[in-house]
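Dear colleague,

I am handing over the structure below, followed by an account of what was found in it. Please read the notes on definitions along with the findings.

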Amino acid sequence: MKKSHRIVGLVGVAIATVLATWLSVQIDWFPLLISPTDGKIDAIYEALLIGSVPFFVIIMAAIAFMLVEFRAKGEDDDRDGEPLHGNTMVEIIWTVIPTIVVIALGIYGWVVLVDVEAKQKNELTIDVTGQQFLWNFEYAKDEARPKDKFKTNEMVVPQGRPLQLLITSEDVIHSFYVPNARLKRDATAGVTKTLRFTPTVTGAFPIVCAELCGIGHTTMRQTLRVVKPAVFEEWRSNGGAFKAKPGGSDKQDTSAQDTSALGEQVFNAQGCAGCHTLAAANATGKVGPPLNTIRALGAAKIRQSIVAPNSVVAKGYSKGIMPLTFKDLPDDEIDALVAYLVKVGKQ
Ligand code: CUA
């Protein structure tokens with residue numbers, strides 16, 4: 001290769017390196033950030049891009065150069081390259097520079113980790129338990145008495161208050177992940193791990209499982225709902241419900257219409273759609289049997305399949321896939337869910 005070509009090539013690689021690095025930090029890689037302190041995590045990602053994109057471009061350019069420059073020049077070109085015995089200067093350079101980059105990023109990451117994991121004042125504690133294929137959230141009804149808890153499948157939190165999540169698993173390893181807060185932590189049976197963040201933006205955001213945990217892994221998605229503190233207090237004092245249930249707890253005035261409306265709420269709140277297909281609810285889960293024709297089973301059998309799923313197993317499905325926890329739902333919610341499935345599951 002001519003010397004002038006090499007200079008043009010080197011200048012081209014330098015320009016490509018700067019351009020690619022600039023472009024990589026212009027792209028908005030992440031969803032809306034709801035926890036401002038975790039902007040520090042976004043800054044780490046930018047540092048990682050700035051620290052790694054140049055290497056990528058330079059290495060790809062070197063490979064391209066070698067593919068062209070040292071290719072076989074014709075059918076019968078079977079010459080070997082010149083034997084080399086190493087170059088101490090080059091080896092020192094390509095060892096020292098990456099070592100410095102990796103150590104610097106490591107220290108930076110550690111400093112930010114210590115910072116985002118620091119205990120905050122006035123934390124709201126929520127127990128998070130993963131199971132195949134559902135997240136359960138437990139709250140103290142009254143924070144003065146932390147033992148008295150209620151359970152939900154939607155994580156509702158007050159805007160602006162620091163959260164302390166105590167994360168564990170009932171079975172296999174799951175990973176609790178809130179992309180909008182940039183935080184992820186493994187859920188492992190027998191171990192409780194802590195995750196902290198302070199959501200400051202109201203709205204509904206996905207909670208996903210980020211560890212391949214079985215056949216329903218991809219459907220293990222629930223909602224983080226950040227609400228105004230007053231709304232949260234009302235929800236909590238209501239045992240994890242936004243408004244009084246139709247008909248009230250004493251069940252007067254529960255017409256069939258109202259009950260199946262509540263049933264639809266229960267269907268959605270309990271994450272049934274994650275595993276089951278039901279046209280009426282726009283549910284397309286494939287883990288468990290479809291429910292479009294479940295009416296044919298009759299109300300009693302439908303109820304049994306919810307509270308004791310291993311005793312009513314649809315053909316082609318295995319025992320043990322459906323969580324056993326739905327028997328803990330309040331009776332009126334189970335009744336409403338059954339009424340709903342009877343109503344919408346056409347024959
Ligand atoms: Cu739980 Cu993937």
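Asp335 is partly exposed, because its relative accessible area is 31% (buried means under 20%, exposed over 50%, and partly exposed in between, with a 1.4 Å probe and protein chains only). This is a predicted model, in which local features need pLDDT of at least 70 and side-chain atom pairs count only at pLDDT 80 or more, while totals for chains, interfaces and linings use all residues. Residues are numbered from 1 along each chain as its sequence is written, and side-chain values use heavy atoms, with hydrogens and water left out.

Asp335 forms a salt bridge with Arg303, the closest N and O atoms being 2.4 Å apart (a salt bridge is a side-chain nitrogen of Lys or Arg within 4 Å of a carboxyl oxygen of Asp or Glu). This pair links distant parts of the chain, with Arg303 in helix H6 (residues 299-307) and Asp335 in helix H7 (residues 331-344), 32 residues apart; helices (H or I, at least four residues) and strands (E, at least two) are DSSP runs, numbered from the N terminus. Arg303 is likewise partly exposed, at 27% relative accessible area.

The structure holds 16 salt bridges, and another of them joins the side chains of Arg196 and Glu123 at 2.5 Å, N to O. Arg196 lies in strand S8 (residues 193-197) and Glu123 in the loop between H3 and strand S1 (124-131), so the pair ties together parts that are 73 residues apart in sequence. Arg196 is buried, with a relative accessible area of 15%, and Glu123 counts as buried at 11%. Elsewhere, Lys141, Asp142, Arg145 and Asp148 are linked in a network of salt bridges, in which the side chains of Arg145 and Asp142 meet at 3.8 Å, N to O.

Turning to the strands, an open sheet of 5 strands has the order S4-S10-S9-S6-S7, with mixed pairing (two strands pair if DSSP finds at least two bridges between them). Its edge strands are S4 (155-158) and S7 (183-187), each of which pairs on one side only. Strand S6 (residues 174-178) and S7 pair in the antiparallel sense over 5 bridges, and Ser175 stands opposite Asp186 in S7.

Finally, Phe56 lies in helix H2 and is exposed, with a relative accessible area of 52%.

Best regards
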